[in-house]
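Biologist: I am new to this structure, and I would like to go through the terms used for it one by one. Could you show me the model and then take my questions?

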Amino acid sequence: MKTNSLFQSISLGKFDLKNRIVMAPMTRGRAGSNRIPNDLMAQYYHQRSSAGLLITEATVVSEQGIGWIDSPGIYTREMVEGWRKVTKKIQPTGTPVFLQLWHCGRVSHSDFHNGKPPVSASAIKLNGDYIHTPLGKKSYETPRALSVDEIKATINDYRKAAVNAKEAGFSGVEVHGANGYLVNQFLDSKTNHRDDQYGGSLENRFRFFKEVLKAVLEVWPSNQVGARISPNGVFNDMGSDDFRETYLYVVEELNKFNLGYLHIMDGLAFGFHDKGEPMTLAEFRPVYQGIIIGNCGYTKKSAQERIDEGNADLIAFGRPFITNPDLPERFKNNWPLCPAEDMTLWYSPGAKGYTDYSPFK
């Protein structure tokens with residue numbers, strides 16, 4: 001095994017990445033109730049800019065997309081200006097930063113929407129313990145199925161968000177199609193019971209994802225757009241019996257877009273739906289000819305193995321980056337990692353548990 005595989009440069013579109021280490025998108029809840037990115041967030045991303053690529057936390061494309069306390073948005077002028085603080089601080093490091101475009105869909109609550117129910121592909125309730133809302137912990141609610149006209153309007157929200165991301169100074173955008181959020185709710189047969197052009201067949205269930213990507217590609221060159229999927233994921237009550245057929249089809253279709261990368265949550269650290277044998281990067285590699293980012297529960301060793309096998313080009317790390325802002329340096333020098341098991345401060349306001357982790361000395 002090559003011990004330096006993680007630290008070789010690679011081209012991603014017009015960008016030359018300094019290593020194969022990606023900071024994965026992670027919701028951290030520091031944008032406040034106005035959802036405007038701030039100086040603290042700029043500091044957080046700058047601290048972690050020794051990664052080859054930064055992908056921001058999931059960022060809602062509209063008020064309708066909200067489903068998390070104090071997560072950021074990209075749909076107002078103030079949000080654009082807030083994100084510009086982040087991109088300006090990162091720019092001197094030379095590290096590209098992509099904004100992850102997000103819509104929570106049914107993973108939300110009427111408390112976020114002035115008493116109106118959340119929306120989804122179909123009126124199928126999330127089977128989960130509870131959701132944190134602005135008014136406390138609540139049970140999940142049955143969402144309202146979007147009409148075709150509303151689907152078109154939501155696609156336009158993604159287009160506007162892509163425009164705003166460009167104006168905010170991002171290097172590119174990633175369409176979040178994973179982890180049980182709206183795009184994923186259209187993809188999976190468990191959550192999509194529609195009988196119109198957005199439901200039923202694989203082609204129809206993929207249509208929303210496809211049209212969102214097409215809208216984004218009206219704004220960005222294809223090599224500055226990424227897509228994220230989670231074929232093995234159970235998070236947010238996902239997992240369909242036909243998951244293998246679904247995701248092989250999805251990846252074949254995504255391959256046609258000549259995207260900057262495909263971000264696959266292949267690891268099982270986020271949970272597995274147990275609908276069959278887990279899908280692996282080796283299964284997707286013959287189907288997808290572009291750059292593949294592997295993600296979820298990787299160690300330095302397993303990351304190097306995937307790259308050396310040729311089944312991944314980049315590996316994204318999430319939790320280790322929370323407590324190790326200098327994660328690439330720690331990997332390169334075999335320095336010990338700070339543990340990331342304490343979740344008590346992951347989503348709380350302020351610098352504690354966010355920007356107060358020191359690099360290795």
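Predicted model: local features only at pLDDT ≥ 70, side-chain atom pairs only at ≥ 80, totals over all residues.

Modeller: Residues are numbered from 1 along each chain as its sequence is written, and side-chain values use heavy atoms, with hydrogens and water left out.

Biologist: How do you know which residues belong to the domain "NADH:flavin oxidoreductase/NADH oxidase N-terminal"?

Modeller: That comes from UniProt, where an unreviewed entry lists residues 5–335; such annotations may be inferred rather than shown by experiment. Over residues 5–335 the chain is 31% helix and 17% strand, where helices (H or I, at least four residues) and strands (E, at least two) are DSSP runs numbered from the N terminus.

Biologist: What makes the crossing of α3 and α5 left-handed or right-handed?

Modeller: A crossing counts as right-handed if the near helix is turned clockwise from the far one by less than a right angle, and left-handed if anticlockwise; the crossing of α3 and α5 is right-handed. The axes of α3 (residues 148–167) and α5 (residues 202–217) cross at roughly 35 degrees and come within 8 Å, the axes being lines fitted to C-alpha atoms over the stretch in contact, with angles running from 0 to 180 degrees between N-to-C directions.

Biologist: Which residues is E211 in contact with, beyond its neighbours within four places in sequence?

Modeller: Contact means heavy atoms within 4.5 Å, and E211, which lies in helix α5, is in contact with K152, I155 and Y198. E211 and K152 are 59 residues apart in sequence, yet 8.8 Å apart in space, C-alpha to C-alpha.

Biologist: Why is the space lined by residues including N179 and F235 called a cavity?

Modeller: On a 1 Å grid over the protein atoms alone, a cavity is a set of points where a 1.4 Å probe fits but cannot get out, and lining residues have an atom within 4 Å of a point. The structure holds one cavity of 30 Å³ or more, and about 50 Å³ of space lies in the largest cavity, a volume being the space filled by probe spheres set on the points, which are joined across faces, edges and corners.

Terms used. 1 Å grid on protein atoms, 1.4 Å probe; cavity = no way out; pocket = protein on both sides within 12 Å on 5 of 7 lines; lining within 4 Å.
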